[in-house]
Amino acid sequence: MNVEELVRDSLREQAADVPPPPSGLAGRILAERRRRRARTLATAAATTALVVASAVGVPMLLDAGDPKTGRGGGLHVVGGEASAHDVLSHVDQSPPRDKIAVGDQVLAGYSTSRKVEQPNRDEIVERTYSVLNQKTGRYEMDERWSFLAVAPGMRTAAVLERELPARRIGLLDLRTGKVARWIPLAQGAGGLSFSPDGSKLVATTYDKNPDRAYWSHKVEVNDGFEPWRVPCRTGFAVVDVATGASDWQALPAYAGGGGGFGSGENLRFNADGTLLYEPINMDPGVIYRDFDGKAVTAPAEEAYVDLVSAPAGLSPDGRLVAGPFAGGTKTTATQVLDPRTGKRIAKLRGQELLVWVDATRLIAWDIAPGAGEYENRLVLVGVGSGKTVSLSGARTPKDHSAGRWEPIFARS
């Protein structure tokens, strides 16, 4: 799920328990969408600049400036994209058909989604996954799963069957495509995430399908009505992958005043796998919890990690943290920060920093030359460099369509 979808869903869920919907709700939603788009994506002027650059055959890039202060950067034109010996890209493919990788960071798979209308006017968002066949180097669709997470090393994926919440986790052998083992759960799960070393899973549990929106909770949006999701998280289980042992803890959807992401509040591990990371829709934006569910102080080196706006998080060496959108009216840009102070270290090209390749390079989304603000492609960016390397073709801007895909990265 991308940032726009998270924001949209969180706004919906904030109104989920308000019968009837208050007047002016649609206006507030539209205002929030406009605000978020202005902060996280380039405006139409950025597209215009890219069109001009494309017309003369060179992209316009944002210089990183001083690598220590981030100052002194500005627009400049370069003669082409950077080359790199360890890059495997397919710039003509979207969604990808053939393997994309930089170093040992691999696009292990991706998902697309569609809305399925129910007879009672409810809607369910269904994901379909395409996973890299490591023998052929091609992505193959696997329609069996409602949720899929890939472990480091790319030998195993954790999967949930189609009916959510699911009462067991499958450990899928990525070499054979077969489930090697099933792990039963005390509560039904709707989301999964591996620890950084792959030894644990956190399964977020729900009492309803977290991907279902209910017509009985409909709200007015844009002079019409839409079904609404409802908070339905019950807790989480930390699972030992080797033994299958798990310990479930109750943790209802966050209700601390600002509302959370409701039914989409999946938990993740923090950078070293010793804590859990829970995004919330109010300051400070995240709660760190121990494996018993108790809220704890954020680790000092993760005080500025924001996995919603910058999924890449902390760099492998712990010296940098991916920051939010930092562009303006004529450029796209992202930034990396000092993890302990939050001060900007450098500006980079891109819209959203997705994953670290190494201590200085990241894979990001960015606008394709000549395209609209939501027609973004995967690119490689680097700290202190104004150059980019294209990795994929551009996604379609239409949500819940076959051309709008969400990447899944893993180290090989």
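This report walks through the fold, cores, sheets and aromatic groups of the structure above.

## Model and overall make-up

This is a predicted model, in which local features need pLDDT of at least 70 and side-chain atom pairs count only at pLDDT 80 or more, while totals for chains, interfaces and linings use all residues. Residues are numbered from 1 along each chain as its sequence is written, and side-chain values use heavy atoms, with hydrogens and water left out.

The protein has three helices and 28 strands; these are DSSP runs numbered from the N terminus, with helices being H or I of at least four residues and strands E of at least two. Of its 412 residues, 54% count as buried, where buried means under 20% relative accessible area, exposed over 50% and partly exposed in between, with a 1.4 Å probe and protein chains only. Among contacts with a separation of 6 or more, 50% come from residues 24 or more positions apart; contact means heavy atoms within 4.5 Å.

## Nonpolar cores

A nonpolar core is a set of buried Ala, Val, Leu, Ile, Met, Phe, Trp, Tyr and Cys residues joined through side-chain atoms within 4.5 Å. The largest one here has 52 residues, and Leu-148, Val-150, Ile-169, Ile-363 and Leu-391 have the most contacts inside it. Leaving aside neighbours within four places in sequence, Leu-391 touches residues including Val-87, Ile-100, Val-102, Ile-363 and Leu-378. A second, separate core of 14 residues includes Val-336, Trp-356, Ala-364 and Val-381.

## Two open sheets

Here, two strands pair if DSSP finds at least two bridges between them. Let's start with the open sheet of four strands, ordered β17-β18-β19-β20 with antiparallel pairing. β17 (268-269) and β20 (295-296) are its edge strands, each with a single partner strand, so one side of each has no neighbour in the sheet. Two bridges join β17 to β18 (residues 276-279), and Arg-268 has Tyr-277 as its bridge partner in β18.

The other open sheet has three strands in the order β21-β22-β23, again with antiparallel pairing. Its edges are β21 (321-322) and β23 (344-348), each with a single partner strand, so one side of each is left without a neighbour in the sheet. β21 pairs with β22 (residues 334-337) over two bridges. Ala-322 finds its bridge partner in Val-336 of β22, and Val-336 also belongs to the second core.

Strand β13 (residues 212-221) pairs with β14 in the antiparallel sense over four bridges, with Val-219 opposite Glu-226. Two residues lie between the strands of this hairpin, where Asn-222 takes a positive phi near 55°.

Further along, Val-230 lies in the loop between β14 (224-228) and β15 (233-240).

## Aromatic groups

There are six aromatic pairs in the whole structure. Rings of Phe, Tyr and Trp (its six-membered ring) pair if their centres lie within 6.5 Å; planes under 30 degrees apart count as stacked, over 60 as edge-to-face and the rest as tilted. Ring pairs link Tyr-110, Tyr-139, Trp-365 and Trp-405 into a cluster.

Trp-365 also has the charged end of Arg-395 over its ring, 3.8 Å from the centre. Likewise, the charged end of Arg-168 sits over the ring of Trp-182, at 3.6 Å from its centre. Such a charge is counted if NZ of Lys or CZ of Arg is within 6 Å of the ring centre and within 35 degrees of the ring normal.
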